[in-house]
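Notebook open, model loaded. I want to go from the overall fold down to single residues and jot down what I find.

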Amino acid sequence: METSIIILILLSAFPAGYFLAYLTKEEIVAGRKWFIYLSVICFISAFIAALSSIEIKLKLAVILSLFYIIIVSMISVYLSWNTKFVKKN
C-alpha cells in the first residue's frame, strides 16, 4: 500500500511539471541552466540524505521530495528545447 502511494505521488510530478512549464513558457528557455543546476543539487542532496543516519521515514520523505523536484525541473528543461511548445517571437 505504501509503495503504491509513493509511486502515485512521484507520477503526479509529471502533470505538475507540464502545468508549470505551460504557465511559464517565456521563462523556461532563459532559466534552463538554473533548472539543470537545481536538478543536480537535488540529486546530490538525495544521495547525501540516503547515506545519512536520520530516521528512515524522514529520510524517505526527504528523498521523495527531492526526486519530485528533480522530475518537475527536468520536464521544464525538456520542454524548453521543444520549439513547438516554446514559440520564439
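This is a predicted model: local features need pLDDT of at least 70, side-chain atom pairs count only at pLDDT 80 or more; totals for chains, interfaces and linings use all residues.

I read the elements off from the N terminus, and they run α-α-α-α-α. That makes 5 helices and 0 strands in the protein chain.

**Overall numbers.** I boxed the C-alpha atoms along the principal axes and got roughly 50 × 25 × 15 Å. The chain has 89 residues, and 27% of them count as buried. I put the accessible surface at about 6500 Å², with 74% of that belonging to carbon and sulfur atoms. Then I looked at contacts between residues at least 6 apart in sequence: 78% of these join residues at least 24 apart.

**Helix 5.** Next I listed its buried residues; among them are Lys59, Ile63, Leu66, Ile70 and Ile71. The list also includes Ser73, Ser76 and Ser80. What do the buried residues of helix 5 pack against? I found helix 1 (2-11), helix 2 (13-23), helix 3 (25-30) and helix 4 (32-51).

**Ser80.** This one sits in helix 5. Buried or exposed? I read 5% relative accessibility for Ser80, and the cut-off for buried is under 20%, so Ser80 counts as buried. Skipping neighbours within four places in sequence, I have Ser80 in contact with Ile28, Val29, Arg32 and Val86.

**Cores.** I went looking for the largest nonpolar core and got 9 residues: Ala13, Ala21, Ile28, Ile71, Val72, Ile75, Leu79, Phe85 and Val86. Helix 2 and helix 5 are the elements that give it two or more residues. Helix 5 has the largest share, with 4 residues. I then picked Phe85 out of this core. Leaving out residues up to four places away in sequence, Phe85 touches Ala21, Tyr22, Lys25, Ile28 and Leu79. There is also a second, separate core of 6 residues, and Ala46, Ala49, Ile63 and Ile70 are in it. As a reminder, nonpolar side chains tend to be buried together in soluble globular proteins.

**Surface patch.** Where the outside is concerned, I noted a nonpolar patch made of Trp34, Ile36, Tyr37, Val40, Ile41, Ile44, Phe47, Ile48 and Leu51. Together these have about 970 Å² of accessible area. I checked two of its members. Ile41 lies in helix 4, and its relative accessible area is 52%; exposed means over 50%, so Ile41 is exposed. Ile36 is in helix 4 too, but at 35% relative accessibility Ile36 counts as partly exposed.

**Pairs across the chain.** How many residues apart along the chain are Ile36 and Val77? I count 41, while their C-alpha atoms are separated by 7.1 Å. I did another pair from helix 1, where Ile7 is found. Ile7 and Leu64 are 57 residues apart in sequence, and I get 9.8 Å from C-alpha to C-alpha. Ile7 itself counts as partly exposed, at 44% relative accessibility.

Key: Residues are numbered from 1 along each chain as its sequence is written. Side-chain values use heavy atoms; hydrogens and water are left out. Buried means under 20% relative accessible area, exposed over 50%, partly exposed in between (1.4 Å probe, protein chains only). Contact means heavy atoms within 4.5 Å. Patches are made of residues with over 30% relative accessible area and no salt bridge: like charges are joined within 9 Å, nonpolar side chains (Val, Leu, Ile, Met, Phe, Trp, Tyr) within 5 Å. Accessible areas come from the Shrake-Rupley method with a 1.4 Å probe; for residues, only the protein chains shown count as cover. A salt bridge is a side-chain nitrogen of Lys or Arg within 4 Å of a carboxyl oxygen of Asp or Glu. A nonpolar core is a set of buried Ala, Val, Leu, Ile, Met, Phe, Trp, Tyr and Cys residues joined through side-chain atoms within 4.5 Å.
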